Amino acid sequence: MLDIILVCAIIAGAMVLFISEKIRVDLVALSIMAVLMVVGALRPGFLSTEEGLSGFANEATITIAAMFILSGALTKTGAIALLSRRIIGIAGNSQQMLFLVLMTTAGVVSAFINNTAAVAVFIPVVLSCSREYNINPSRLLMPLSYVSIVGGTCTLIGTSTNILVSSMAAQAGVGAFGMFEMTKLGIVFFIAGLLYLRFVGWRVLPDHPSPDLTNKYEVGKYLMTIIVDKKSSLVMRTPAQARVSERYGVTILEIVRGDEEVWTGLRDTKLHEDDHLLVLGSLQNIMELCDTEGLSSKSQMKYADQSLTTDDVMLVEAMIAPASSLIGRTLKDADFRHKHGVFVLALRKHGKAIRERVGNIRLEAGDTLLVQGRRDFVEKLRDYSDFLMLQEVNVPEVRREKAPWAVAIVAAVIGLAALNVMPIVVSSIVGCLAMVATRCIKLQEAYDAIDWFVIFLLAGVIPLGLAMENTGTADWVASGILELTAGWGPVALVAVFYLLSSVFASIMSHNAAVILLVPIGVATAAELGYAPLPILMAITFAAATALATPFGYHTNLMVYEPGGYKFADYLRLGLPLNLMLWVLASLLIPVIWPL
């Protein structure tokens, strides 16, 4: 019983850390692995060292890493963007037709590549379409996330959750899922979701207008023009020598000297008498700079995007990508300004604009940055996988001539697995090698395409499922569920596991949720003499369709800032859809996969 208590304590501690978000989820997962191995070293039979490290060698972990690479190759060749653009042409001038065509395309694509990668490709497409069709992005971006999520339930490779549960099912003796094992219910989910979003969601969706970037980030009142007076201590000194940014927290964005405008090399430009400086900072900091250094201020003006751009200087919005190396770091730690040669004027996090001490804020996936700099430097940002550009710069360089190769390789990976010629883990590894060999993706790009956050999360949490089995915790929890649901019948049992999985996936990682619930589901089915597959399907579909919060799924977080959403928008649109899918799953799973 002590082992069960220890496992439950570890689970409880992990859930508290997952929910609090005080520590990164992948670090929590690795901490779980370390604690389990320490306890296993002290208590034989709890968890061996080999089992503790098994997450790194698990088929699901390797397959999911391979899928990130395959999705990255499709992106690098421009295959997805090219396909989407051609299909969207079918919509003509109709907004409603655009909605259906765009969402159907995104959903179908998400069934065959990682849905996070699909949404990353479609966000710029959606933003472009919103301008062309005069639709506010808030009307399209949340539906984009939702259709990519439900579209991902149609095949084994649509989401990492599907692959993970399939691997766990094989280890439990249930058998791995086939490539199209989930397709029947997945198609029902996709059609139901699409119809809901078209006829109900279209009326519920917020219709937020798109403000210009200076208003969106509320930087107007932090901009001021100041003048270098004759007796100023800054005359014939550079901003770097005077340490203006470090001492006062004020950033010089432009120097106007007569008819000349200087936007670049500002830190090393000597200041002259009567130079007009466009600066960014709080009023208090700017006044301190003026009083100390002998500068005078002009009355505050109303600044718009045009005030911060020229033919050579751009103002754009960039999102921190889900697999960005900047996650958990500050801009100062990353030496962002010197590495990329651009300014970050402000950032938005969880719906709030931050304009002061931006360089000291720890970044998270989905944060958006207001970036200003020379056009050539800004355009280079698109080549980094750390960012997703939300404004149109030049079209990213893609290997378009390699697109047929990339599509053919992904088709082969799917076909070989679907026809049972080889397991999906084998075909996906071979596919990755083929992508590199045909130069659809470079080796370093392949490494960059992998979301290491997800990989380390899986590697850390997978041993927890093994510990639950080894210690009898899964059987013990299963017995408690049976006592509570005695006499309820198979439909109710499926509904209970679907609800548990949905709730767990909303408050912690969806992959962590299935690792906790799959051993319990298998044990429950064994005690009742039921086939475990229906319960596993309930767990899988529920965890893969966490729609009610912006944090339940990567794609929800990716559209949060670009769409200008609030937390309540996800509840209002996502919760009814979650409930509808719960009812559909509870009724259809026992029919498709009899207990």
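Visitor: Is Cys-129 buried or exposed?
Guide: Cys-129 counts as buried, with a relative accessibility of 0%. Note that this is a predicted model.

Visitor: And Cys-8, buried or partly exposed?
Guide: Cys-8 has 26% relative accessibility, so it counts as partly exposed; the cut-off for buried is under 20%.

Visitor: How many disulfides in the whole structure?
Guide: Zero, from a search of the whole structure.

Visitor: Salt bridges, then. How many are found?
Guide: The search of the whole structure finds ten salt bridges.

Visitor: Which residue does Arg-257 form a salt bridge with?
Guide: Arg-257 forms one with Asp-275, and their closest N and O atoms are 2.7 Å apart. The two are 18 residues apart and link distant parts of the chain: Arg-257 is in strand 2 (residues 251-257), while Asp-275 is in the loop between strand 3 (260-262) and strand 4 (276-280).

Visitor: Where do the two stand on accessibility? Start with Arg-257, buried or partly exposed?
Guide: Arg-257 is at 21% relative accessibility and counts as partly exposed. Asp-275 is at 1%, which counts as buried.

Visitor: What does Glu-561 form a salt bridge with?
Guide: The partner of Glu-561 is Arg-348, with the closest N and O atoms 3.0 Å apart. Glu-561 sits in the loop between helix 26 (554-560) and helix 27 (567-592), and Arg-348 sits in strand 7 (residues 342-349), so this pair ties together parts 213 residues apart in sequence.

Visitor: Is Arg-348 buried or exposed?
Guide: Buried, at 11% relative accessibility. Glu-561 counts as buried too, at 2%.

Visitor: What about Asp-569, which residue does it form a salt bridge with?
Guide: Asp-569 pairs with Arg-572, and the closest N and O atoms are 2.5 Å apart. Both are in helix 27; because they are three residues apart there, about one helical turn separates them. Asp-569 counts as buried at 5% relative accessibility, whereas Arg-572 is partly exposed at 42%.

Visitor: Switching to helix 24. How far apart are its end C-alpha atoms?
Guide: They are 26 Å apart. Helix 24 covers residues 510-528, and its 19 residues at 1.5 Å a residue should span 27 Å, so the two values agree.

Visitor: Where does helix 24 bend?
Guide: The bend is at Leu-517, by about 30°. A proline, Pro-519, follows within four residues of that position.

Visitor: How many of the residues of helix 24 are buried?
Guide: 16 of the 19, so helix 24 is largely enclosed by the rest of the structure.

Visitor: What follows helix 24?
Guide: Gly-529, whose phi is positive, near 75°.

Visitor: Last topic, the surface. Which residues make the nonpolar patch?
Guide: The patch is made by Leu-53, Phe-56, Leu-443, Tyr-447, Trp-452 and Phe-456, and covers about 580 Å². Two elements, helix 20 (443-449) and helix 21 (452-471), each give two or more residues to the nonpolar patch.

Visitor: Where is Trp-452 placed?
Guide: Trp-452 is in helix 21. With a relative accessible area of 40%, Trp-452 is partly exposed.

Definitions and conventions
Residues are numbered from 1 along each chain as its sequence is written. This is a predicted model: local features need pLDDT of at least 70, side-chain atom pairs count only at pLDDT 80 or more; totals for chains, interfaces and linings use all residues. Side-chain values use heavy atoms; hydrogens and water are left out. Patches are made of residues with over 30% relative accessible area and no salt bridge: like charges are joined within 9 Å, nonpolar side chains (Val, Leu, Ile, Met, Phe, Trp, Tyr) within 5 Å. Accessible areas come from the Shrake-Rupley method with a 1.4 Å probe; for residues, only the protein chains shown count as cover. A salt bridge is a side-chain nitrogen of Lys or Arg within 4 Å of a carboxyl oxygen of Asp or Glu. Buried means under 20% relative accessible area, exposed over 50%, partly exposed in between (1.4 Å probe, protein chains only). The expected span of a helix is 1.5 Å times one less than its number of residues. The bend at a residue is the angle between axes fitted to the seven residues ending there and the seven starting there. A disulfide is a pair of cysteine sulfur atoms within 2.5 Å.
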